[in-house]
Amino acid sequence: ISQYTNYIERNKVTVSQTRYIYKTNNILFESETVASVDDIVETSNHFKVVDYMLNNINKELKDGMMKYFYRILKERTMDCRKE
C-alpha cells in the first residue's frame, strides 16, 4: 500500500526505504538521496493507517473513515497545518 500511496502523493521515499523504516524504525539514506521530513513522516504514518484498517476490517467503509485514514496519514506533516 505504501509504495502506491507514496507514488500518488509524490513522496520521494523509495520502496526499499519504506521497508527499512517499517522493519527498523530507522531511516536509511542511499548516497545523495534527499527526502523531505514530510515524506518520511507520511511513510511512517502509512503503518498506522494499515494497523487501523486491520483493527477495523469488519466495519463498513464510509466517508468519515476515509477522511480519518487521510487525517492519520497527514498528522505531523506540513499539510495538517493547512486549513
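Modeller: The model is predicted, so local features need pLDDT of at least 70 and side-chain atom pairs count only at pLDDT 80 or more, while totals for chains, interfaces and linings use all residues. Residues are numbered from 1 along each chain as its sequence is written, and side-chain values use heavy atoms, with hydrogens and water left out.

Biologist: Why is the pair E42 and K74 called a salt bridge?

Modeller: A salt bridge is a side-chain nitrogen of Lys or Arg within 4 Å of a carboxyl oxygen of Asp or Glu. The closest N and O atoms of E42 and K74 are 2.6 Å apart, so the pair qualifies. E42 lies in helix 3 (residues 37-55) and K74 in helix 4 (residues 63-74), 32 residues apart; helices are DSSP runs of H or I with at least four residues, numbered from the N terminus.

Biologist: What makes K74 buried or exposed?

Modeller: Buried means under 20% relative accessible area, exposed over 50%, and partly exposed in between (1.4 Å probe, protein chains only). K74 has 5%, and is therefore buried.

Biologist: Which residues are linked with K74 in a network of salt bridges?

Modeller: The network links E42, K74 and D79. D79 meets K74 at 2.8 Å, N to O. D79 has a relative accessible area of 31%, so D79 is partly exposed.

Biologist: How do you know that K48 and E75 form a salt bridge?

Modeller: Their N to O distance is 2.9 Å, which means the pair meets the rule. K48 is in helix 3 and E75 in the segment after helix 4, 27 residues apart. K48, at 35%, is partly exposed, and E75, at 30%, is partly exposed.

Biologist: How many salt bridges does the rule give?

Modeller: The count is 4.

Note on methods: Helices (H or I, at least four residues) and strands (E, at least two) are DSSP runs, numbered from the N terminus.
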